[in-house]
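Please find below a note on the model under review. The points are numbered so that each may be checked against the coordinates.

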Amino acid sequence: MRGAPSVTGWMREARFGLFVHFGVYSMAARHEWVRSYEEIGDAEYQRYVDHFDPDLFDAADIARTARAAGMRYAVLTTKHHDGFCLWDSAVTDYTSAKVCGRDLVAEFVAAMRAEGLRVGFYHSLIDWHHPDYVIDGIHPLRGAPDVSALNSGRDMGRYRAHLHAQVRELLTSYGPVDLMFYDFTFPWKRGGMPGKGPEDWDSPRLLEMTRALQPGIVVNNRLGVPGDYVTPEQYQPDRPLTQDGVEVMWEACQTLNGSWGYHRDNLEFKDPGDVVRMLVQSVSNNGNMILNVGPDGRGNLEPRARAILRSVAEWMRLHARAVHGAGPAPFAPPAHGVYTLRGNRLYLHLFSWPFKHVHLPGLAGRVEYAQLLGDGSEVGLSLLDSTPQPHAHLAPLPQAADTLTLTLPVTRPDVLVPVVELFLTEP
């Protein structure tokens with residue numbers, strides 16, 4: 001199906017989403033993969049489950065924060081690789097409902113819908129807690145001296161039934177679900193041990209069930225079979241993405257500080273300006289960006305994350321129409337910026353501020369008006385003489401006849417990324 005417009009239309013319009021990674025691993029505060037990285041056994045990991053109390057997890061606050069930041073959809077980790085579920089599952093007691101009496105998925109869904117946001121679920125195909133999940137090269141028990149004995153009697157068929165049953169619960173218990181982010185398939189060996197591929201999950205049948213239960217749902221590509229969109233993680237594509245020569249829908253998956261789950265000691269937070277630059281770069285290449293927050297062990301959004309989102313929110317308040325519903329433009333932008341296009345409005349996002357003039361090849365005669373989007377102030381348009389002027393000390397260099405020149409203020413606007421809105425003479 002690969003990104004069919006009928007399926008991904010709302011997603012292309014939205015362009016910007018929120019990822020929320022939260023679970024008992026948030027209490028360890030050392031990355032969501034802490035159990036695998038540190039090879040923590042069941043009994044030792046149980047202390048996080050026993051003390052899990054997300055008293056500050058406020059889905060309504062998260063939804064308002066996302067909405068203010070210009071996000072139009074949000075995705076919650078219903079279950080990460082550790083197997084702990086944030087909903088009231090009928091097929092396991094390893095859930096927030098059993099531990100602390102709260103169905104956090106239900107709270108999340110209600111809050112997002114109240115703010116008009118599309119609802120997405122992340123669901124791990126992996127489950128390090130389930131007794132039938134065969135130990136592999138990323139499993140926390142991979143280094144156990146008796147790993148062969150531990151794997152004896154484990155049955156991936158029984159685990160598959162469990163996996164499918166949990167997905168069925170999620171897709172039948174919470175009304176319309178707009179997006180499913182499965183994670184992840186790894187058919188290669190790790191540490192000499194086999195990985196897991198589509199046959200382990202019965203991916204074709206799982207995808208078929210997902211679509212049957214939620215017609216119109218958007219599904220990612222991490223089942224190991226083609227989905228509706230692809231998910232580059234922790235890097236920014238510099239061009240539209242294709243498969244077999246066909247352009248596909250994509251979503252850049254980005255964290256605030258390099259960790260998806262709460263990581264108390266990771267202080268490498270991104271600058272808000274960099275977040276905006278990544279977002280508009282994604283849109284300019286016909287993609288989306290989903291930005292992650294990892295609430296702390298009590299479920300609270302930490303101050304540094306809130307500060308970044310507030311800065312992004314202020315930029316989006318002024319510049320959202322250059323993102324929502326926008327896409328790539330058929331013009332080559334200047335070296336220090338990117339274009340996005342929405343109807344007959346072309347948006348020039350300037351990553352560095354030029355001194356007074358910026359030259360736009362191919363746009364002469366195609367623009368009727370220009371303004372700084374942030375404050376609606378007019379930007380001057382001119383066509384420079386294309387004849388060489390070797391002694392013109394006080395004039396810009398000549399430009400090609402098809403080049404439009406903008407005259408900008410000397411002082412850079414006080415926004416994360418200045419944007420010039422160009423009104424084209426035709427769409």
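1. Basis. This is a predicted model, in which local features need pLDDT of at least 70 and side-chain atom pairs count only at pLDDT 80 or more, while totals for chains, interfaces and linings use all residues. Residues are numbered from 1 along each chain as its sequence is written, and side-chain values use heavy atoms, with hydrogens and water left out.

2. The parallel sheet. Eight strands form an open sheet in the order β5-β4-β3-β2-β1-β10-β9-β6, with parallel pairing. Strands here are DSSP runs (E, at least two residues), as helices are (H or I, at least four), both numbered from the N terminus; two strands pair if DSSP finds at least two bridges between them. The edge strands are β5 (218–219) and β6, and each pairs on one side only. Between β4 and β5 the parallel pairing runs over two bridges, and L179 stands opposite V218 in β5. Helix α7 (residues 104–114) packs on this sheet, touching β1 (16–20), β2 (73–79) and β3 (118–124), and its direction makes about 175° with that of β2. Contact means heavy atoms within 4.5 Å. Axes are lines fitted to C-alpha atoms, for helices over the stretch in contact, and angles run from 0 to 180 degrees between N-to-C directions.

3. The antiparallel sheet. A five-stranded open sheet has the order β11-β12-β18-β14-β15, with antiparallel pairing. β11 (337–342) and β15 (377–378) stand at the edges with a single partner strand each, so one side of each is left without a neighbour in the sheet. β11 and β12 (residues 345–350) pair over six bridges in the antiparallel sense, and the bridge partner of T340 in β12 is Y347. Helix α12 (residues 272–284) packs on the sheet and touches β11 and β12, its direction making about 55° with that of β11.

4. Strand β13. Strand β13 (residues 357–360) pairs with β17 (residues 404–407) in the antiparallel sense over four bridges. H357 has T407 as its bridge partner in β17. V358 and L360 make up the covered face of β13, and H357 and H359 the uncovered one.

5. Backbone geometry. D202, although not a glycine, has a positive phi of about 50°. D202 is found in the loop between α10 and α11 (203–213) and counts as partly exposed because its relative accessibility is 25%. Q234 is found in the loop between β6 (229–230) and β7 (242–243), and its relative accessibility of 33% makes it partly exposed.

6. Buried residues. M112 lies in helix α7 and is buried, with a relative accessible area of 0%. Leaving aside neighbours within four places in sequence, M112 is in contact with A59, I62, A63, A74, L117 and V119. S36, found in helix α3 (residues 34–37), is buried with a relative accessible area of 3%. Not counting residues up to four places away in sequence, S36 touches W128, I138, P140 and R142.

7. The largest pocket. The largest pocket has a volume of about 400 Å³. On a 1 Å grid over the protein atoms alone, a pocket is an open set of points with protein on both sides within 12 Å along at least five of seven lines, whereas a cavity is a set where a 1.4 Å probe fits but cannot get out; lining residues have an atom within 4 Å of a point. Grid points are joined across faces, edges and corners, and a volume is the space filled by probe spheres set on the points. The pocket is lined by 24 residues, of which D183, F184, R222, T231 and E233 lie nearest its centre. Nonpolar covers Ala, Val, Leu, Ile, Met, Phe, Trp, Tyr, Cys and Pro, charged covers Asp, Glu, Lys and Arg, and the others, Gly among them, count as polar.

8. The cavity. The count comes to one cavity of 30 Å³ or more, and the largest cavity has a volume of about 80 Å³. Its lining comprises 13 residues, of which N257, S259, V293, G294 and E302 lie nearest the centre. These 13 lining residues divide into six nonpolar, six polar and one charged.

Note on methods. Buried means under 20% relative accessible area, exposed over 50%, partly exposed in between (1.4 Å probe, protein chains only).
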